[in-house]
Amino acid sequence: MFTTLIGPLAVPVDLIALQHAVLAADRAVGDYALAVRDRRRAAFPDPSQAVQRCTWAAGEQAEFDRRWEAYVRAGAALRAHPVLVRARVLGVESEALRALREAAAGPGR
């Protein structure tokens with residue numbers, strides 16, 4: 001149930017799952033933005049088409065916004081986890097976040 005200690009606190013598996021959700025949501029935002037960039041570069045290759053390359057269609061923007069909101073929700077859930085709230089109270093938040101990143105990366109990473 002717990003994977004590692006942060007001073008007086010332990011990193012539970014549900015907190016690690018929330019960290020994985022944040023990382024996955026972050027990748028989804030970045031991957032989508034890069035895919036749109038690549039599609040628009042291909043559709044508007046001429047240097048004079050810079051505005052068209054940089055102006056997303058409404059559907060593209062809506063999808064990006066949906067993915068961004070999922071990222072924001074995942075981050076809020078992570079920050080609201082009782083272990084991180086307690087770490088803030090105890091003044092060990094940076095240590096807790098470092099331990100969480102290591103735990104989420106898994107052994108040998």
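Residues are numbered from 1 along each chain as its sequence is written, and side-chain values use heavy atoms, with hydrogens and water left out.

**Confidence.** The predictor's confidence in each residue is given as pLDDT, on a scale from 0 to 100. The protein chain has a mean pLDDT of 91, with 90% of its residues at 70 or more. Helix 3 has the highest confidence, at 98, whereas strand 1 (residues 2-6) has the lowest, at a mean of 53. Where pLDDT is low, the predicted coordinates should not be read in detail.

**Architecture.** Secondary-structure elements are DSSP runs numbered from the N terminus: helices are H or I of at least four residues, and strands are E of at least two. Two strands and five helices are present in the protein chain, arranged along the sequence as β-β-α-α-α-α-α. Of the 109 residues, 26% are buried; buried denotes under 20% relative accessible area, exposed over 50%, and partly exposed in between (1.4 Å probe, protein chains only). Among contacts (heavy atoms within 4.5 Å) with a separation of 6 or more, 62% join residues 24 or more positions apart.

**Largest pocket.** A pocket is an open set of points on a 1 Å grid over the protein atoms alone, where a 1.4 Å probe fits, with protein on both sides within 12 Å along at least five of seven lines; lining residues have an atom within 4 Å of a point. The volume is the space filled by probe spheres set on the points, which are joined across faces, edges and corners. The largest pocket holds about 180 Å³. Its lining includes Gln-19, Leu-23, Arg-79, Arg-88, Glu-93 and Arg-101. Helix 1 (13-43), helix 3 (58-80), helix 4 (82-90) and helix 5 (93-105) each give two or more residues to this lining, and helix 5 supplies the largest share, four residues. By type, the lining comprises six nonpolar, two polar and four charged residues. Here Ala, Val, Leu, Ile, Met, Phe, Trp, Tyr, Cys and Pro count as nonpolar, Asp, Glu, Lys and Arg as charged, and the others, Gly among them, as polar.

**Selected residues.** Ala-10 lies in strand 2 (residues 9-12), Ala-104 in helix 5 and Asp-38 in helix 1. Ala-10 is classed as buried because its relative accessibility is 18%. Ala-104 is likewise buried, at 9%, while Asp-38, at 40%, is partly exposed. Beyond residues up to four places away in sequence, Ala-104 touches Ile-16, Gln-19 and His-20. The table lists C-alpha separations.

| Pair | Separation in sequence | C-alpha distance |
|---|---|---|
| Ala-10 and Ala-99 | 89 residues | 9.4 Å |
| Ala-104 and Ala-17 | 87 residues | 7.8 Å |
| Asp-38 and Arg-53 | 15 residues | 9.2 Å |

Methods:
This is a predicted model: local features need pLDDT of at least 70, side-chain atom pairs count only at pLDDT 80 or more; totals for chains, interfaces and linings use all residues.
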